[in-house]
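Let's take a walk through this structure together. Have a look at the sequence and the 3D view first, and then read on.

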Amino acid sequence: MMIFTRSFVVAAALCGFVGCAQDDDKRLDPQVIQLLDLEGMKFDLWQKPSTATVVLFARSDCPISNRYAPEIRRLYEAYHSRGVEFYLVYVDPREEPDAIRKHLQEYGYPCPGLRDPKHTLVAHCGAKTTPEAVVFGRNRGMTYRGRVNDLYVDFGQARTEPTTYDLADAIESTVSGRSVTNPRTKAIGCLIEDLKD
Amino acid sequence: MLDRGFKGLNVGRKGTRWIWFLEMHDQRHGILRGVVVGLISGILVTMTVASILYLYRPVKSQSRSDPVTFSSDIAPIIFAKCSGCHCPNQSAPFSLLTYDDVRSRARQIVEVTQSGFMPPWLPEEGHGDFLAARRLTESERQMLKQWVEQGTPCGDPVGIPPAPELVDSWEKMPPDLVIETPGYKLSSQERDVFRNFVLSVPIDGPRWVESIEIRPFNPRVTHHARLGVDSSNESTRRDAEDADPGYEGMAWGQDPDGQLVIWAPGMAANPVTPGVAWRLHPQTTLVLHTHMQPTGKTEEVKFRVGIRFAKAPPEQYPAVLRIGSCDIDIPAGTRRHVIEDQYTIPIDIDLHSIFPHAHSLCREIEVVALRSDGSRELLISIKNFDENWHDAYRYRKPIRLPQSTRLHSRFVYDNSNENVRNRNRPARRVVYGSNSNDEMADVYLQVTAAHPDQRAVLMEDYKRYQLQSQVVGYRRSLELYPDNPWSQEGLATAYIFRGETDKAISILEQRLKSWPRAVFPVVSLGMALLASGDAERAEEQFRQATLTDGKYSLAWFGLAKALASQKKTERAEQMFRRAVELTPRGTDARLALADLLIQRGALDEAKEICSAALDDSPDMANVNLKLAEISAKQKRYDECLKYCQEARRLAPYTHPAKVLLAVFCFANGENEYGKKLLREAREESPDHPIPELMLGQLARQEQKSQEALEHFNLAAALLIPNNWPQSHQQRFRVLLQTERFQLAQQLQDIDLALDSLDIWRRYEPANLKLQEIYRNLKAEKAGPTK
């Protein structure tokens, strides 16, 4: 199991941010991915039929992640009605379900919160930071991984307004069955690797 | 604001109030009064002595083979340099107080400490020894890196030092007065919010403020806050216009005298400078200008302001100087645009703190002191400027800068499209202005005069520099935005201060074309007209302003001034009384009213009014002088002398007290007593040129020409005191030559006349009449040329 996870991390690292080929064919293996809902039950990302599934890796005390809450709400409002499912996946194994519920409520997230304490989905997607978004297509293949938009350029370096709306574009393309123009972008935020047990 | 125009019209006449401009971020027309004080802030959070001692114990050397552990190596660094902000209810978004806290951010900590983003501290090492510097040393950064490379080991958990215990300094020693803003709901939008909160101060009489401290209830959303005082009712009006607590945009107020009251995340705990306090008047409003950053959820925002009152009046008066160019014009697309400026200080000063200010395009800031002996000192150097983290930096020890030191500032801007902080997409031409899309190149310096009696010399000289700088900046801004009210009003005010009333009038008329109902420019126009001698039209303007806003004290005051200068004294008196009713604690309206009362012989009421003004502002020389004038009229010369002595103590460049008293005696026709006083004054201050000059004047009037000439020669030979502001020196020099010229006329001495005119015309090169008289006289002496 440990070796398996590591090899994914290496693979993701090799892939880097240079935008390797879309790994649409890399399907989620329910045996490997161990997502939990806030009741502590195993959660299957595909239990609801969807035109696209958006996952946002988050932690409640990541300020950059939190500042994107209004944008996530807007995306939810725009795409949920078009069959897109949204999930916030909390990556800090120490984060208690109650704290997550409070966080979801405070920031007005309309979507469910899940936990990935063993970073199985993190590893599968090759996610590095919170907030990093991943979009899966109808066939469960990953069509996009990266930033929500380019508001942040680095820690402490934010634009006044974003100039690219990467996640919105990726969702739109995925829902309409087109290929995503920039399938890989670099997300700025807190490093998930710091949270490994 | 309230008494702006009045001051503008009277600079030079009033003894003590050397006023000048201070332009600050999002604030228009700040006017500071000469009385000032030390940079305050306060210890937001103090660590207990025990934990401080623990934190600063010697850290083991850097090169080592044994593993770096949290307990022995990392915790001391983090607790000393990070935990002050990274703890609950402080400004940082997460805590760094335990091993788990730190471990779960370890790589991120290495990344941000290597890049220099954290701890946020802009000044480069080695230039300026600042208090409470948050900078990490190179070995501390390496230690953090090594720790992560070694797998973030904890070490002996028992050996982990105690996390800093956060003690609220207000709990240990509560402020004398705590004022709270109303609660404001900051929505979860993405855009930053700039909002001003207005606070009234519940005090009965004037108080000396030793320290004033801003405390956000919600430091996490507060990017910075700056406190100003507003003696007008302008901010209250704007607050009332906005449905929510406070109002958006530009603040309206001035820095408290000589103070920069700032709150910034993790800011240094600045000690209170002893012997330095500033006066807070009742009916003054405090304006808290805040920059807030939404967090992603709705936030309840509230601020507290804590004031500690001083037991005693100040012993020294600091000043805040704003240096740096306003001549900013950055072409679109330029990657490195340099703006430089310099100001040469006229006296020895001590520099206490430095606060550089620019907006988002600025990349580098450097301020250099070039001493006249050729030595050069970098006062501050910032290589990676970030407006979000700028702060006021206080030197551990004040820096002495001798007279004639040039303060050279250098700002570098990146106005290219590649600069991610560029707010203009695509990049466009950027000029001077207070909006975040404009730029600034300001350096605020808190200074004291090394010899306190020379302070007025500095303030007058600085004011001239500041007005010149502003005129250039506002004109630049108007090139790009011809109808910008901020620049129009600012430029007009600067012109009024400089006595260029015609220019002020035409700008204000222009301004009123687009905003005919704006009260402030109407009042300014009135002031400009009054200064230009057109009292009738001034009266019209002020009257219109009183109709628009019946509570605008300055409008009533201006109306009264306009009436008084048309000799409509009875109605002027009524209007002054109206102005006093609206600002009962103000000085200017009360003194002006007293003048009218003195004119019609109501000395008792005038004295009553001025005594009350003195209770409110005992440190104002001009109030003392007015009381001296009244006492003299009542023939109470002992009392008069006391007021004169107090006035001289407060404004050391004025005449010796006995000379002042003598002047009042002459006005009463008591020439013999006056002469006796002048002789006594000369005995007491043999080096002072004024008694000689006045004795000469008297002798000339009594036709004792030879004696007069001797006095004038002596007066000319004496050194001019080094605490005289330049305008004062100028007046003295011109007066001396006027006297010599008049004496020459009496004596029919053409050589003396030519000599005095020749010197005189050098002091007044623009006086064409003078040049003409000189030329004619010279020709006359040469005799007919034909």
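What follows goes from the overall picture to the sheets, a helix and the cores.

Keep in mind that this is a predicted model, in which local features need pLDDT of at least 70, side-chain atom pairs count only at pLDDT 80 or more, and totals for chains, interfaces and linings use all residues. Residues are numbered from 1 along each chain as its sequence is written, while chains are lettered from A and ligands numbered from 1 in the order in which they are written.

How confident is the predictor? The complex gets an ipTM of 0.82 and a pTM of 0.84. The pLDDT is the predictor's confidence in each residue, from 0 to 100. For chain B its mean is 86, with 90% of the residues at 70 or more. Be careful with residues 1–62 of chain B, though: the pLDDT there is below 50, and this stretch has 189 contacts in the model beyond near neighbours in sequence. Two residues are in contact if their C-beta atoms, placed from the backbone, lie within 7 Å.

Let's start with chain A. It holds 6 helices and 9 strands; these are DSSP runs, numbered from the N terminus, with helices being H or I of at least four residues and strands being E of at least two. Of its 197 residues, 44% count as buried. A residue is buried if 20 or more other C-beta atoms lie within 10 Å of its own, exposed if 12 or fewer, and partly exposed in between, with C-beta atoms placed from the backbone. Among the chain A contacts with a separation of 6 or more, 75% are between residues 24 or more positions apart.

Where do the two chains meet? On one side are 24 residues of chain A, in contact with 20 residues of chain B. On the chain A side, α2 (63–67), α3 (69–79) and β9 (190–191) are the elements that give two or more residues, and α2(A) gives the most, with 3. Sorted by class, this side has 10 nonpolar, 6 polar and 8 charged residues. Here Ala, Val, Leu, Ile, Met, Phe, Trp, Tyr, Cys and Pro count as nonpolar, Asp, Glu, Lys and Arg as charged, and the others, Gly among them, as polar.

Now for the strands of chain B. Two strands pair if DSSP finds at least two bridges between them. Strand β7 (193–200) pairs antiparallel with β13 (285–292) of chain B over 8 bridges, and B:N196 has B:H289 as its bridge partner there. β7(B) also pairs antiparallel with β10 (247–248) of chain B, over 2 bridges, where B:R195 stands opposite B:E248.

Further along, four strands of chain B form an open antiparallel sheet in the order β18-β23-β20-β21. β18 (337–344) and β21 (376–382) of chain B are at the edges with a single partner strand each, so one side of each has no neighbour in the sheet. Within this sheet, β20 (362–370) and β23 (406–413) of chain B run antiparallel and are joined by 8 bridges, with B:C362 opposite B:Y413.

Another open antiparallel sheet of 4 strands in chain B has the order β16-β25-β19-β22. β16(B) and β25 (442–449) of chain B pair over 5 bridges, and B:L321 has B:L445 as its bridge partner. Helix α9 (455–480) of chain B lies across β16, β19 (349–357) and β25 of chain B, at about 30° to β16(B); axes are lines fitted to C-alpha atoms, for helices over the stretch in contact, and angles run from 0 to 180 degrees between N-to-C directions.

Is helix α20 (657–667) of chain B mostly covered or mostly open? It is mostly covered, with 8 of its 11 residues buried, including B:L660, B:L661 and B:F664. The cover includes α18 (621–633), α19 (637–650), α21 (671–684) and α22 (689–701) of chain B. After α20(B) comes B:G669, with a positive phi near 85°.

Finally, the cores. A nonpolar core is a set of buried Ala, Val, Leu, Ile, Met, Phe, Trp, Tyr and Cys residues joined through C-beta atoms within 7 Å. The largest has 169 residues, of which B:L288, B:A528, B:A560 and B:A628 touch the most other members. Apart from this core lies another, of 49 residues, including A:V55 and A:Y107.
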